[in-house]
Amino acid sequence: MNRWRNRVAVVTGASSGIGAACAKLILAQGIKVVGIARRSQRLEELKRALPNNQQQLFHFKQCDVAQAKQVNAAFDWIEQELGGTDILINNAGILREGNLVDMPISDVLDVVNTNLLGSVYCLQNAFKSMRKRAYPGHLIFINSIAGLPGYNPGMEEPSLNIYTPTKFALSAINEICRQELITLKAKVKTTNISPGWVSTEFVSDESKAQLGDVILQADDIANAVIYALSTPPHAQVQEITLRALGEWF
């Protein structure tokens with residue numbers, strides 16, 4: 001991890017859950033972190049809760065990743081103030097209730113624009129920075145087992161509607177990026193991390209009660225991120241699937 005020290009990691013969806021956990025563990029490695037999220041107050045609270053020596057390493061920008069102009073502005077600020085982006089943790093994501101066959105199209109667009117296009121906006125900005133400086137960076141996608149072939153939560157569980165297709169697409173984006181980076185002769189790594197149920201705000205209290213201790217913690221995914229980052233320059237962790245022990249899907 002020493003090669004990342006004082007480098008810059010951008011974490012989207014950093015205001016809570018997996019994003020906040022990733023930010024904390026990355027900061028503990030001596031890496032500067034720029035947290036991106038819509039809820040700036042939560043980002044301020046996260047910074048205040050950090051140890052004093054890490055607060056100076058943590059920066060944040062209020063940004064809705066579904067809005068390309070906001071994403072571009074945030075990454076432009078990072079370029080100007082911190083010198084560029086070396087690591088991207090593409091974590092921001094949302095879910096809307098309903099069945100795909102009849103849910104409001106506005107909800108469908110919200111999910112697609114955040115989970116899919118938001119990831120593309122961020123990866124393009126991050127790669128632009130890495131390529132300009134010929135820096136061997138790392139693009140990490142926080143995905144979901146909902147995007148794995150054969151995912152089937154069962155008839156009694158509510159549909160994940162368009163959320164599942166966006167996660168399938170994110171896996172494809174990771175693979176396309178890997179292939180394109182090879183043809184471009186860029187020494188940039190890509191990693192796709194697909195966790196199962198995680199105890200965050202994303203999961204309802206009812207679901208948490210049903211799952212009991214068969215559920216991952218946000219730090220489990222953050223530790224997987226650190227593992228991927230800790231590999232030597234010649235080794236690339238392409239896929240990580242994480243499930244709680246005893247989890248069916």
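**Close-up views of a predicted model**

**View 1. Helices α5 and α6 cross in a right-handed sense.** α5 passes α6 in a right-handed crossing. The model shown here and in the other views is predicted. Helix α5 covers residues 105-132 and helix α6 covers residues 163-183. Their axes lie 9 Å apart, at an angle of about 20 degrees. Angles under 35 degrees count as roughly parallel, so α5 is roughly parallel to α6. From α5, the contact takes Val 111, Val 112, Asn 115, Leu 116, Ser 119, Val 120, Leu 123 and Phe 127. From α6 come Tyr 163, Thr 166, Lys 167, Ala 169, Leu 170, Ile 173, Cys 177 and Leu 181. Twelve of the contact residues are nonpolar, three are polar and one is charged.

View 2. Helix α1 spans residues 17-27, and helix α8 spans residues 218-230. Their axes come within 8 Å and cross at roughly 50 degrees. The crossing is right-handed. On the α1 side, the contact is made by Gly 17, Ile 18, Ala 21, Cys 22, Leu 25 and Ile 26. On the α8 side are Ala 218, Asp 219, Ile 221, Ala 222, Asn 223, Val 225 and Ile 226. By class, ten residues of this contact are nonpolar, two are polar and one is charged.

**View 3. The largest nonpolar core holds 38 residues.** Ile 26, Ile 89 and Val 225 have the most contacts inside this core. Elements that give two or more residues to the core are β1 (8-12), α1, β2 (32-37), α2 (40-49), β4 (87-90), β5 (138-142) and α8. The largest share, eight residues, comes from α8. Leaving out residues up to four places away in sequence, Ile 26 touches Ala 9, Val 11, Ile 31, Val 33, Ile 89, Val 225 and Ile 226. Another core, of 26 residues, lies apart from the largest one. Among its members are Leu 82, Cys 122, Leu 123 and Phe 141.

**View 4. Ala 66 is a buried loop residue.** The loop that holds Ala 66 runs between β3 (58-62) and α4 (68-82). Ala 66 has 13% relative accessibility, so it counts as buried. Which residues does Ala 66 touch, not counting residues up to four places away in sequence? They are Asn 113, Thr 114 and Tyr 121. Ala 66 and Gly 118 are 52 residues apart in sequence. In space, their C-alpha atoms are 4.7 Å apart.

How values were computed
Residues numbered from 1 in each chain as written. Predicted model: local features only at pLDDT ≥ 70, side-chain atom pairs only at ≥ 80, totals over all residues. Heavy atoms only, no water. Axes fitted to C-alpha atoms, helices over the stretch in contact; angles between N-to-C directions. Helix = DSSP H or I, 4+ residues; strand = E, 2+ residues; numbered from the N terminus. Left-handed = near helix turned anticlockwise from the far one by under 90°. Contact = heavy atoms within 4.5 Å. Nonpolar A, V, L, I, M, F, W, Y, C, P; charged D, E, K, R; others polar. Core = buried A, V, L, I, M, F, W, Y, C linked by side-chain atoms within 4.5 Å. Buried < 20%, exposed > 50% of the residue type's maximum accessible area, 1.4 Å probe, protein only. Parallel < 35°, antiparallel > 145°, perpendicular 65-115°, else oblique.
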